[in-house]
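Biologist: Can you walk me through this one? I'd like the helices, the surface and the charge pairs.

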Amino acid sequence: MITIPYLTALTTYFSYGLLFVFGQFRDFFRKFIDWWQSSNLQGYAPICLGLEDFYIRRLYLRIQDCFGRPIASAPDAWFDVVERYSDDNNKTLQRTTNISRCLNLGSYNYLGFAASDEYCTPRVIKSLTRFSSSTCSARVDGGTTILHSELEECVANFVQKPAAIVLGMGYVTNSAILPVLIGKGGLIISDSLNHNSIVNGARGSRATVRVFQHNTPSHLEKVLRENIAEGQPRTHRPWKKIIVIVEGIYSMEGELCKLPEIVSICKKYKVYIYLDEAHSIGAVGKTGRGVCELLGVNTADIDIMMGTFTKSFGSCGGYIAGSKDLIAYLKHTCPAHLYGTSISPPAAQQIISSMKVILGEDGSSRGAQKLAQIRENSNFFRSGLQKMGFEVLGDNDSPVMPIMLYNPAKIPAFSRECLKQNVAVVTVAFPATPLLLARARICISASHTREDLLKALEVISKVGDLVGIKYFPTEPKKHQQEKDMIKLD
C-alpha cells in the first residue's frame with residue numbers, strides 16, 4: 001500500500017491529462033495531413049494503432065533519452081555511459097564518441113560479481129577457451145556440458161533443495177515454467193505486484209488467475225477460502241491444483257515478502273507455494289541464501305523455488321529448484337529446456353565460481369565480506385535518503401530502494417540532472433508501474449564504497465531540491481502531510 005499526498009495526486013493526474021489532451025489535439029490534425037498526402041499503406045491496416053501507439057509517440061518518445069542508455073564498460077560501481085543526441089525532437093537518438101564516467105546506481109550488481117573478480121574471472125576465461133561462448137544447441141541435444149550438470153548441483157545445494165534445473169534466461173524461467181506446472185482446471189493466486197514474467201506465465205497456462213492485495217496474507221487467505229468453496233467457474237468442481245505465487249523481494253517496491261505468514265496459510269489450505277527469488281537470492285540472508293534464510297523459513301516448506309543469476313551472481317539465466325520428481329518432470333516437458341539454447345558455458349562457470357565465493361569455498365572470507373557490505377550499504381543509503389526527506393519504498397536489508405517521483409515531468413528531470421552530475425539512475429514509469437506511481441529505482445552494490453554512497457546522496461539531494469521530490473522535508477511537515485493522504489495499491 002502506497003500513500004500519496006492529495007495535491008501530488010491531483011497535479012500528477014492533471015499533468016497526464018494535459019499531455020493526453022494536447023496529444024489527441026495534434027493527432028486530430030495529423031489525420032487531415034495523412035489524408036491529404038498520399039498514403040503509403042496501400043490498403044493495409046496500420047500495424048501501430050491505439051492507446052499504446054499514442055502513449056509511445058506522445059509521452060515515451062519525449063523522454064526516451066532517459067532509457068536504454070548504452071554503456072561502454074562492465075557494470076561495476078562506476079561505469080562508462082555513452083553520450084547521445086537527437087536532431088528530430090527525440091524521435092531517434094544518435095550515439096557520439098563521448099564517454100561519461102558515472103556512478104552506477106542502476107545495475108543489479110548486488111555483490112559486485114559483474115566486474116572482474118580475482119577468483120571468478122580466470123575460471124570464466126578458461127571455460128571460454130575450453131567450451132567456447134555457446135553450445136549452439138538445446139540441452140536435450142548437444143547442449144549439456146559438464147558445467148551445466150555441475151551448475152545444477154551447485155544451485156540445488158545453494159538453495160537447499162534436492163534438485164534444480166537451469167535455463168538460459170530469467171524471464172523465460174517464469175513465463176515458460178508456469179504453463180508446464182499448471183493448466184486448465186487449475187488456480188493461480190498471484191500477488192498483485194508480481195513481475196511481468198509471472199503475469200505472462202500465468203496467462204499462458206490457461207489456469208484461472210486470481211489476485212490478492214500486495215503482500216497482504218489476510219487477503220490471500222480470504223481469496224483462497226472463497227475460491228476453494230466456490231470451485232471452478234461454471235462447473236464448481238474442485239480445483240485440480242492451486243498454486244500461490246509470491247516474490248522474495250519485489251523488484252519495483254524493494255519490499256520483503258511476508259513469507260512466514262504466507263507459508264502458514266498455504267500449509268493450512270494444502271496449496272502449493274511458488275517463490276520467485278530473482279532479487280533476493282544471494283543478496284540477503286546470513287549466507288546469501290535469500291529470504292528463506294533471512295526470515296527463518298524452512299526451504300522444505302517451499303514447493304517451487306525460482307531465481308535468476310543476473311543479479312547477485314553477475315551472469316545470466318534462471319533456475320527452478322524443488323523435489324527430484326518435479327525437476328525430472330520439468331526436464332521432460334518444459335519447452336525452454338527442450339528447445340531453447342542452453343546457458344552459455346562461460347556464464348555457467350561464472351555462476352559456479354561466484355557461488356563458491358559466497359559460500360567461502362574459494363578459501364577466503366570475501367563472500368561473507370560482500371554479504372556484510374551489501375547489507376551495510378543498503379541500510380546506510382536507505383537511511384540517508386529518508387533523512388533527506390525522500391519518499392523511499394521497501395524494507396531494511398533490501399538493496400532495491402525506489403524513490404517516488406509521481407509527476408511525469410519529474411521523471412526526465414531527475415534522470416537528466418543526475419546524469420549531468422555523473423550519477424546514472426534508472427527511472428520507471430507506466431506501464432512498468434501504475435500511471436500515478438512513477439519512481440527512480442536505486443540498486444545498491446557491495447562494490448560501492450562509503451565515498452561512492454556519500455557522493456550519490458549529495459547529488460540526489462541537490463537534484464531532489466531542484467526537481468521538488470522531497471515530499472517529507474521535515475518531521476513536522478511530514479506529520480501534517482500524513483493527514484492529507486490517499487492510499488493506492
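Modeller: Below we take the helices, then the surface patch, then the salt bridges.
Modeller: This is a predicted model, where local features need pLDDT of at least 70, side-chain atom pairs count only at pLDDT 80 or more, and totals for chains, interfaces and linings use all residues. Residues are numbered from 1 along each chain as its sequence is written, and side-chain values use heavy atoms, with hydrogens and water left out.

Biologist: What does UniProt list for residues 6–25?
Modeller: The unreviewed entry gives "transmembrane region". UniProt positions are in the numbering used here, feature names are shortened, and annotations may be inferred rather than shown by experiment.

Biologist: Which residues form the nonpolar patch on the surface?
Modeller: F14, L18, F20, V21, F22 and L51, with about 640 Å² of accessible area together. Areas come from the Shrake-Rupley method with a 1.4 Å probe; for residues, only the protein chains shown count as cover. Patch residues have over 30% relative accessible area and no salt bridge; like charges are joined within 9 Å, nonpolar side chains (Val, Leu, Ile, Met, Phe, Trp, Tyr) within 5 Å.

Biologist: Which helix gives the most to it?
Modeller: Helix α1 (residues 6–36), with five residues.

Biologist: F22: buried or exposed?
Modeller: F22 lies in α1 and is exposed, at 52% relative accessible area. Buried means under 20%, exposed over 50%, partly exposed in between (1.4 Å probe, protein chains only).

Biologist: Switching to charges. How many salt bridges are there in the whole structure?
Modeller: The search finds 17. Each is a side-chain nitrogen of Lys or Arg within 4 Å of a carboxyl oxygen of Asp or Glu.

Biologist: Where do R57 and D53 lie?
Modeller: Both are in helix α2 (residues 51–58), four residues apart, about one turn. R57 is partly exposed at 21%, while D53 is buried at 17%.

Definitions and conventions. Helices (H or I, at least four residues) and strands (E, at least two) are DSSP runs, numbered from the N terminus.
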